[in-house]
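Work through the exercises below with the sequence and the structure open. Try each task before reading its solution.

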Amino acid sequence: MTKNNVNNLGLNDDGEIDYISVDDIKNGNTHIIVLSTYLLETEKQDIATISIEKTGEEQAFLQIEGDSNLYAKNTIIEPIEEKKTLKDAKDGGPTTPIIEVQSLIVNAWFWPCVSYIYAPHYVI
């Protein structure tokens with residue numbers, strides 16, 4: 001870590017700092033943000049893609065997928081919230097509560113960076 005609290009990134013073990021480039025590809029209501037780096041002067045390696053789809057007036061779905069050359073196939077991250085509810089046991093035994101966990105998809109629209117890329121003044 002440098003004195004300015006920025007982490008140095010070394011992806012190809014050459015002793016040099018590697019920088020991540022960010023490209024935004026827009027297709028309708030979807031933005032695909034590609035994170036990549038140059039391993040060699042002419043060889044570019046994708047690291048991950050961030051897909052953001054506007055699904056309603058104030059709704060957006062976000063998904064991060066790691067590149068299959070670096071991560072296991074189908075390594076996908078989606079922001080979720082967990083909702084926990086207590087239920088009574090149904091087996092007729094003591095009333096031991098059962099915790100049921102339900103995953104809920106998070107609306108990413110209200111994240112400042114997400115709503116910003118859908119603003120009229122945003123330019124790719």
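**Surface and overall layout**

The accessible surface of the protein is about 9,500 Å², and carbon and sulfur atoms hold 52% of that area. The model is predicted.

**Exercise 1.** State how many helices and strands the protein has, and give their pattern along the sequence.

*Solution.* Step 1: count the elements, which gives 1 helix and 7 strands. Step 2: read along the sequence, where the pattern is β-β-β-β-β-β-β-α. Of the 124 residues, 20% count as buried. Among contacts with a separation of 6 or more, 26% are between residues 24 or more positions apart.

**Exercise 2.** Describe the open sheet: give the strand order, the sense of pairing and the edge strands.

*Solution.* Step 1: the sheet contains 5 strands in the order E1-E2-E3-E4-E5, with antiparallel pairing. Step 2: strand E1 (21–27) and strand E5 (76–77) are the edge strands, since each pairs on one side only. Step 3: look at individual pairs. E1 and E2 run antiparallel and are joined by 7 bridges; in this pair, aspartate 23 stands opposite valine 34 in E2. The hairpin of E1 and E2 has 2 residues between the strands, and glycine 28 there takes a positive phi near 65 degrees. Strand E2 (residues 30–38) also pairs with strand E3 (residues 44–56), in the antiparallel sense and over 9 bridges. Isoleucine 33 has isoleucine 50 in E3 as its bridge partner.

**Exercise 3.** Is serine 36 buried or exposed? Find what it touches.

*Solution.* Step 1: locate serine 36 in strand E2. Step 2: its relative accessible area is 1%. Step 3: buried means under 20%, so serine 36 is buried. Step 4: leave aside neighbours within four places in sequence; serine 36 is then in contact with Tyr19, Ile20, Ser21, Asp23, Lys44, Gln45, Asp46 and Ile47.

**Exercise 4.** Classify glutamate 58 and valine 101 by their relative accessible area.

*Solution.* Step 1: partly exposed covers the range between under 20% (buried) and over 50% (exposed). Step 2: glutamate 58, in the loop between E3 and E4, has 46% relative accessibility and so counts as partly exposed. Step 3: valine 101, in strand E7 (residues 97–105), has a relative accessible area of 45% and is therefore partly exposed. Step 4: valine 101 forms a nonpolar patch on the surface with Leu86 and Ile99, and together they have about 320 Å² of accessible area.

**Exercise 5.** How far apart are glutamate 58 and alanine 108 in sequence and in space?

*Solution.* Step 1: in sequence, 50 residues separate glutamate 58 and alanine 108. Step 2: from C-alpha to C-alpha, the two are 9.1 Å apart in space. Step 3: check the contacts of glutamate 58. Not counting residues up to four places away in sequence, glutamate 58 touches Asn107, Trp109 and Phe110.

Terms used: Residues numbered from 1 in each chain as written. Predicted model: local features only at pLDDT ≥ 70, side-chain atom pairs only at ≥ 80, totals over all residues. Heavy atoms only, no water. Pairing = 2+ DSSP bridges. Helix = DSSP H or I, 4+ residues; strand = E, 2+ residues; numbered from the N terminus. Buried < 20%, exposed > 50% of the residue type's maximum accessible area, 1.4 Å probe, protein only. Contact = heavy atoms within 4.5 Å. Areas by Shrake-Rupley, 256 points an atom, 1.4 Å probe, with all protein chains shown as cover. Patch = residues over 30% accessible without salt bridge, like charges linked within 9 Å, V, L, I, M, F, W, Y side chains within 5 Å. Salt bridge = Lys/Arg side-chain N within 4 Å of Asp/Glu carboxyl O.
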